[in-house]
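Here is my note on the structure, point by point. Please keep the model open while you read.

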Amino acid sequence: MMTSSSPASPSRRAGLLAAGAATVTVVLWASAFVSIRRAGEEYSPGALALGRLLVGAAVLGALCLVRREGPPPRAAWPGVAISGLLWFGLYSVVLNWGEQEVDAGTAALVVNVGPLLIALLGARLLGDPMPPRLLAGMAVSFAGAVTVGVSMSGGGGSSVLGVGLCLLAAVGYAGGVVAQKPALGHASALQVTTYGCLVGAVLCLPFAGQLVTDVGRASLPATLHMVYLGVFSLALAFTTWAYALARTTASRMGATTYAVPALVVLMSWLVLDEVPGLFTLAGGALCLAGVAVSRSGARSARVVAKAPRTGRTHESL
């Protein structure tokens with residue numbers, strides 16, 4: 001006798017793939033904070049952003065050629081252009097600049113306003129649901145982000161300019177995510193990511209002269225960190241993000257990124273030998289607990305979220 005589990009298998013598989021893609025994104029974005037800190041010692045904010053975007057665009061462009069994916073259809077371009085300007089371009093420059101003005105804890109705290117803005121914009125502009133579990137999880141994670149930020153700040157004063165830049169980065173991040181979501185209904189994750197990256201690179205072209213200067217005098221490790229940022233935390237991570245975003249709501253994906261501060265604490269411990277205190281570890285645990293709560297209603301969210309259209313280009317990365 002045949003079991004009745006087969007109809008649910010494709011849905012379950014899609015859910016697992018989306019969750020796996022989101023996990024890859026969060027881990028790679030967390031590692032980016034370590035690389036930005038290292039590369040930012042020898043690269044100016046604009047040059048680092050442009051270098052990262054050019055590396056990412058080269059990798060993504062090669063993937064598009066291999067997979068024979070052309071430009072996104074016309075209907076996807078408004079979202080691609082806006083996300084490219086706000087997220088790939090503006091966010092990259094001001095975050096790099098902000099992290100040179102304030103400590104890592106303060107930067108992580110301010111940038112983590114982003115998921116809250118995504119939830120508000122998603123509910124307002126995309127009609128995303130705001131279930132109690134999602135709101136509760138975001139509240140817990142935000143409390144954890146505040147705890148991590150305060151514990152890592154070292155008690156020093158923060159630059160008003162730096163805080164303002166990190167807040168501007170959070171706004172660009174939130175606006176880019178919300179703009180990207182509709183585009184994924186018309187184009188594949190790879191198309192949306194590739195051409196968003198190209199838009200951001202064009203926006204950063206005024207920093208080309210500074211990039212040439214910085215490459216000429218930077219050390220090999222700093223340049224390799226910039227390459228890593230382009231290949232992994234941009235080309236790969238933004239594509240897996242778009243893949244997962246196409247299969248859930250913007251609000252829920254934004255809440256998932258609250259795991260980043262907890263992973264940054266762990267990576268700083270392992271890579272930079274920055275031993276976290278109990279207060280920092282407690283904040284990281286709160287971040288992860290909040291993500292678990294917010295993701296616990298993912299099954300119902302998949303019913304509401306607009307599924308990507310079927311077809312070869314829309315099922316591929």
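1. Start with the salt bridge between the side chains of arginine 217 and aspartate 214, 3.5 Å from N to O. A salt bridge here is a side-chain nitrogen of Lys or Arg within 4 Å of a carboxyl oxygen of Asp or Glu. Both residues lie in helix 9 (residues 208-217), three residues apart, about one turn of the helix. Helices are DSSP runs (H or I, at least four residues), numbered from the N terminus. Arginine 217 is exposed at 61% relative accessibility, and aspartate 214 is buried at 1%. Buried means under 20% relative accessible area, exposed means over 50%, and partly exposed lies in between (1.4 Å probe, protein chains only).

2. A word on the source: this is a predicted model, where local features need pLDDT of at least 70, side-chain atom pairs count only at pLDDT 80 or more, and totals for chains, interfaces and linings use all residues. Residues are numbered from 1 along each chain as its sequence is written, and side-chain values use heavy atoms, with hydrogens and water left out.

3. How many salt bridges does the structure hold? There are four. Side chains of opposite charge can pair when their charged atoms come close. Arginine 38 meets glutamate 41 in one of them, at 3.3 Å from N to O. Arginine 38 is partly exposed, at 24% relative accessibility. Glutamate 41 is exposed, at 57%. A network of salt bridges links Arg38, Glu41 and Glu42.

4. Arginine 67 and glutamate 69 also form a salt bridge, with their closest N and O atoms 3.8 Å apart. Glutamate 69 counts as buried, at 6%.

5. Now look at arginine 68. Its place is in the loop between helix 2 and helix 3. Arginine 68 is exposed, with a relative accessible area of 75%. The phi of arginine 68 is near 60°, a positive value in a residue other than glycine. Most residues other than glycine have a negative phi.

6. Proline 72 is in the loop between helix 2 (45-67) and helix 3 (77-101). Is proline 72 buried or exposed? Proline 72 is buried, at 5% relative accessibility. Leaving out residues up to four places away in sequence, proline 72 touches Trp77, Val80, Ala187, Gln191 and Tyr195. Contact means heavy atoms within 4.5 Å. Proline 72 and serine 188 are 116 residues apart along the chain, yet their C-alpha atoms are separated by 7.8 Å.

7. Glutamine 191 lies in helix 8 and is buried, with a relative accessible area of 6%. Its contacts, leaving aside neighbours within four places in sequence, are Glu69, Gly70, Pro71 and Pro72. The side chain of glutamine 191 reaches the backbone oxygen of glycine 70 at 3.1 Å.

8. Next, helix 8 itself. Helix 8 (residues 189-203) has 15 residues. From its first C-alpha to its last, helix 8 reaches 21 Å, close to the 21 Å expected at 1.5 Å a residue. That expected span is 1.5 Å times one less than the number of residues. Why call helix 8 largely enclosed by the rest of the structure? Because 12 of its 15 residues are buried. Among them are Leu190, Val192, Tyr195, Cys197 and Val199.

9. Turn to the rings. The structure holds 11 aromatic pairs. Rings of Phe, Tyr and Trp (its six-membered ring) pair if their centres lie within 6.5 Å; planes under 30 degrees apart count as stacked, over 60 as edge-to-face and the rest as tilted. The rings of phenylalanine 88 and phenylalanine 238 have centres 4.7 Å apart and planes at 40°, so this pair is tilted. Phenylalanine 88 lies in helix 3 and phenylalanine 238 in helix 10 (residues 220-245), so the pair ties together parts 150 residues apart in sequence. Phenylalanine 88 is buried at 1% relative accessible area, and phenylalanine 238 is buried at 5%.

10. Which residues do ring pairs link into a cluster? They are Trp29, Trp87, Phe88, Tyr91, Tyr173, Phe238 and Trp241.

Terms used
Helix = DSSP H or I, 4+ residues; strand = E, 2+ residues; numbered from the N terminus. Polar contact = N/O pair within 3.5 Å; in protein donor to acceptor, adjacent residues only side chain to side chain.
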